[in-house]
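Thanks, I will keep this short. Please have the structure open, and we will go through a few residues in turn.

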Amino acid sequence: DLGKNDYAGQTSLRRRAKRGPSHLLPTHVLVTKSHVDMLEDGFKWRKYGQKSVKNKTHPRHYYRCTYQGCHVQKRVERCSIDPSLVLTTYKGVHTHHCPIKPIIL
């Protein structure tokens, strides 16, 4: 006989198993000199969080790709040593083509 708590635990385990371990996803970091935090990379992103990081003056921003079924995440933050540098970390691989061409200056 499964109680409510037992069933809830199994459900959350199944949800985690579908995504897989996040530490195995490919990660790419881009360092760009810019006065703008969000740089155009050709994909559409939805912001889902912001965090103040200890001992840093600028917050860290979290984004997800808006394409249905694509689980790529992007983290954007300013470098603590040189605030003119933007560190953009991509986690995962897009499951679709780039919807718009990125603007390269």
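I start with a side-chain pair: Glu77 and Arg75 are joined by a polar contact of 3.3 Å. A polar contact is a pair of N or O atoms within 3.5 Å; within protein, one must be able to donate a hydrogen and the other to accept it, and residues adjacent in sequence count only if both atoms are side-chain atoms.

This is a predicted model, where local features need pLDDT of at least 70 and side-chain atom pairs count only at pLDDT 80 or more, while totals for chains, interfaces and linings use all residues. Residues are numbered from 1 along each chain as its sequence is written, and side-chain values use heavy atoms, with hydrogens and water left out.

Back to Glu77, which lies in strand E4, residues 73-78; strands are DSSP runs of E, at least two residues, numbered from the N terminus. Its side chain also makes a polar contact with that of Lys56, at 3.2 Å. Glu77 counts as buried because its relative accessibility is 7%; buried means under 20% relative accessible area, exposed over 50%, partly exposed in between, with a 1.4 Å probe and protein chains only.

Next, Asn55, in the loop between strand E2 (45-51) and strand E3 (60-65). Its phi is near 65°, a positive value in a residue other than glycine. Most residues other than glycine have a negative phi. Asn55 is exposed, at 75% relative accessibility.

Last, the cysteines. How many disulfides are there? Taking a disulfide as a pair of cysteine sulfur atoms within 2.5 Å, the count is zero. For Cys70, the nearest cysteine sulfur is that of Cys65, 3.8 Å away. Cys70 is buried at 6% relative accessible area, and Cys79 is buried at 16% relative accessibility.

Key. Helices (H or I, at least four residues) and strands (E, at least two) are DSSP runs, numbered from the N terminus.
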